[in-house]
Amino acid sequence: MGKLDGKVALITGAARGQGRSHAQLLAEQGADIIGIDLCRQLDTVNYPMSTGADLEETTALVEKTGRQMIPLIGDVRDFDSLQTQVNAAVTELGRLDIVLANAGIMAQALPPLDPARSRQAWQDSIDTMLTGVWNTLQTTVPILLEQDQGGAIVITSSAAGLRTQPTDRGGGTDGYYAAKFGVVGLMKAYANALGQHNIRVNTVHPTGVATPMIINDFFPAFLDAHPRIAAAFQNSLPIPAIEPIEVPQVLFRSL
């Protein structure tokens, strides 16, 4: 018997990294999973993004626990498509209880900065990590309200959404910071509105997590080029980065 037996969780950015760890842990606790990921490359992202094969691997890991996962290749930036996919998956599984708005990117660049690329990197970052979260809320909150059985929503922010960080004046870095602070405002507004319906809304603020977002050939070069940003990324404890499973282990306590 698991704490989440009979529950259904929707996770964006589910193909790998934190999203995959969320899917595994929630499935181990009895939840069925709706897992969404873009599974293609964005031009402004300098590390390899997730693929369909990554999403298939997450699905297989969930199924090893005995639970079901509906894998969806989808774009949180596209509201109409996201709504259609989520509604169909919820209809198939019969309900929705947990929403983890986790999809994220880092669209940083090495100097010298290209102004046109910086503008696109800003847009990609805001569209994915702020508008994408809003789209996820707009899609899922009506389902939770119609069910009238409460629920839990967790938005992935960052330690960068709590403390000051130096800018490289690039659109990707600035967009990341702005989005991670912005979702805190969304969380507070939705928590205030949805508490009366027994729907909890929280943000989680991980430090560096050992996922492909930072474990790649590009990120060390970026930090070398920006020592002040590198210093701001350092933890008080002598831990360079935590493991992906540590994030869902913490947020699971709020579900």
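How much space lies in the largest pocket? In this predicted model, the largest pocket holds about 240 Å³ of space. Its lining is made up of 14 residues, and those closest to the centre of the pocket are Ile214, Leu223, Phe233, Pro240 and Ala241. Sorted by class, the lining of the largest pocket comprises 11 nonpolar and three polar residues, with no charged residues.

Two cavities of 30 Å³ or more are counted, and the largest cavity has a volume of about 710 Å³. Of the 41 residues that line the largest cavity, Asn102, Gly104, Ile105, Thr211 and Met213 are the closest to its centre. At least two residues of this lining come from each of helix 1 (17-28), strand 2, helix 4 and helix 5, and helix 1 gives the most, with three residues. By class, the lining of the largest cavity divides into 19 nonpolar, 16 polar and six charged residues.

The second largest cavity contains about 30 Å³ of space, and its lining consists of Thr12, Val76, Ala101, Asn102, Ala103, Thr128, Gly132, Val133 and Thr136. Helix 4 gives the most to this lining, with four residues, while the division by class is four nonpolar, five polar and no charged residues.

Threonine 12 belongs to strand 1, which covers residues 8-12, and because its relative accessible area is 2%, under the 20% cut-off, threonine 12 counts as buried. A polar atom of the threonine 12 side chain lies 3.0 Å from the backbone nitrogen of alanine 103. Apart from neighbours within four places in sequence, threonine 12 is in contact with Ile36, Val76, Leu100, Ala101, Asn102, Ala103 and Thr136.

Five of the five residues of strand 1 are buried, so strand 1 is largely enclosed by the rest of the structure. In a regular strand, side chains alternate between the two faces of the sheet.

Arginine 169, in the loop between strand 5 (151-156) and helix 5 (171-194), has a positive phi of about 65 degrees although it is not a glycine. With a relative accessible area of 68%, over the 50% cut-off, arginine 169 is therefore classed as exposed. Asparagine 198 lies in the loop between helix 5 and strand 6 (199-204), and its phi is near 60 degrees, again a positive value in a residue other than glycine. Asparagine 198 also counts as exposed, because its relative accessibility is 56%.

Notes
Residues numbered from 1 in each chain as written. Predicted model: local features only at pLDDT ≥ 70, side-chain atom pairs only at ≥ 80, totals over all residues. Heavy atoms only, no water. 1 Å grid on protein atoms, 1.4 Å probe; cavity = no way out; pocket = protein on both sides within 12 Å on 5 of 7 lines; lining within 4 Å. Points joined across faces, edges and corners; volume = space filled by probe spheres on them. Nonpolar A, V, L, I, M, F, W, Y, C, P; charged D, E, K, R; others polar. Buried < 20%, exposed > 50% of the residue type's maximum accessible area, 1.4 Å probe, protein only. Polar contact = N/O pair within 3.5 Å; in protein donor to acceptor, adjacent residues only side chain to side chain. Contact = heavy atoms within 4.5 Å.
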